[in-house]
Amino acid sequence: MPAGDFMHLAREEARRGITQGDGGPFGALVVRDGIVISRAHNEVLARHDPTAHAEILAIRSASRRLKRHHLEDCLLYTTCEPCPMCLGAVAWARIPRIYFGCTRDDAADIGFSDRMIYDWILGEPGIAPAERIPLERKSCLKLFEQWRATHGAMLY
């Protein structure tokens with residue numbers, strides 16, 4: 001199936017979410033070897049969950065279906081350039097390629113702006129949507145030691 005056909009399916013998924021009132025106008029697919037493994041649309045409003053972005057939900061579903069957390073042989077099709085949270089999920093899942101429709105600037109034009117998050121990540125002065133306060137590092141490091149002793153070098 002051509003890439004445009006997968007993007008068509010992602011748009012249809014986004015339309016379904018819009019029609020149902022589930023969340024913003026975003027749809028996503030995870031595809032492997034030309035087969036749709038999962039599809040999702042934004043469900044932030046329906047789930048009362050700020051992390052229920054289409055990409056996140058599609059990645060979660062694909063991982064469950066494939067019974068693995070690495071999706072290095074999969075592609076992501078999404079109707080909009082992923083936000084920083086979704087980009088993080090793509091990186092953790094090791095998805096090597098993202099096809100996207102609208103840009104983050106297009107999303108900002110309709111009120112979905114991620115600029116503050118990008119600026120925060122880049123360390124722009126005066127940008128801090130949340131105060132970060134270190135607390136009890138030494139006792140928390142014991143958890144890291146426990147993990148290393150229990151699981152050895154199993155990283156993900």
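Student: Why is aspartate 73 called partly exposed?
Tutor: The model is a predicted one, and in it aspartate 73 has a relative accessibility of 33%.

Student: What makes the contact between arginine 32 and aspartate 73 a salt bridge?
Tutor: The closest N and O atoms of arginine 32 and aspartate 73 are 3.8 Å apart. The cut-off is 4 Å between a side-chain nitrogen of Lys or Arg and a carboxyl oxygen of Asp or Glu, so the pair qualifies. Arginine 32 is in strand E1 and aspartate 73 is in the loop between H3 and E3, so the bridge ties together parts 41 residues apart in sequence.

Student: What makes glutamate 13 and arginine 16 a salt bridge, and how are they placed in the helix?
Tutor: Their side chains meet at 2.7 Å, N to O, and the limit is 4 Å. The two residues are three apart in helix H1 (residues 3-20), so about one helical turn separates them.

Student: Are these two partners buried or exposed, or in between?
Tutor: Glutamate 13 has 4% relative accessibility, so it counts as buried. Arginine 16, with a relative accessible area of 41%, is partly exposed.

Student: How do you know that glutamate 43 and arginine 47 form a salt bridge, and which labels do they get?
Tutor: The N to O distance is 2.9 Å, against a limit of 4 Å. Glutamate 43 has a relative accessible area of 17% and is therefore buried. Arginine 47 has 46% relative accessibility and so counts as partly exposed.

Student: Why is lysine 67 called exposed?
Tutor: Exposed means over 50%, and lysine 67 has 74% relative accessibility, so the label applies. Lysine 67 lies in the loop between H3 and E3. Its phi is positive, about 60°, although it is not a glycine.

Student: What is phi for arginine 94, and where does the residue lie?
Tutor: Phi of arginine 94 is near 65°, a positive value in a residue other than glycine. Arginine 94 is in the loop between H4 and strand E4 (97-102). With a relative accessible area of 43%, arginine 94 is partly exposed.

Student: What makes the set of residues in the largest nonpolar core a core, and which members touch the most others?
Tutor: Members must be buried nonpolar residues joined through side-chain atoms within 4.5 Å. The largest such set has 24 residues, and Val30, Ile59, Leu71, Leu76 and Ile95 touch the most other members. Two or more residues each come from strand E1 (27-32), strand E2 (35-41), helix H3 (54-66), strand E3 (74-80) and helix H4 (84-93). H3 gives the largest share, seven residues.

Student: Which residues are in contact with leucine 76, leaving aside neighbours within four places in sequence?
Tutor: They are Ala28, Leu29, Val30, Glu55, Val90, Ile95, Arg97, Ile98 and Tyr99. A second, separate core of eight residues includes Leu9, Leu29, Val31 and Val36.

Student: How much space lies in the largest pocket, and which residues lie nearest its centre?
Tutor: About 410 Å³ lies in the largest pocket. Of its 23 lining residues, Phe26, His53, Cys83, Phe112 and Asp114 lie nearest the centre. Helix H2 (44-47), H3, H4 and helix H5 (104-109) each give two or more residues to the lining, and H4 gives the largest share, three. The lining divides into 14 nonpolar, five polar and four charged residues.

Student: What is the secondary structure of the chain, and how much of the chain is buried?
Tutor: The chain has seven helices and four strands. Buried residues make up 35% of its 156 residues.

Key: Residues are numbered from 1 along each chain as its sequence is written. This is a predicted model: local features need pLDDT of at least 70, side-chain atom pairs count only at pLDDT 80 or more; totals for chains, interfaces and linings use all residues. Side-chain values use heavy atoms; hydrogens and water are left out. Buried means under 20% relative accessible area, exposed over 50%, partly exposed in between (1.4 Å probe, protein chains only). Contact means heavy atoms within 4.5 Å. On a 1 Å grid over the protein atoms alone, a cavity is a set of points where a 1.4 Å probe fits but cannot get out, and a pocket is an open set with protein on both sides within 12 Å along at least five of seven lines; lining residues have an atom within 4 Å of a point. Grid points are joined across faces, edges and corners, and a volume is the space filled by probe spheres set on the points. Ala, Val, Leu, Ile, Met, Phe, Trp, Tyr, Cys and Pro count as nonpolar, Asp, Glu, Lys and Arg as charged, and the others, Gly among them, as polar.
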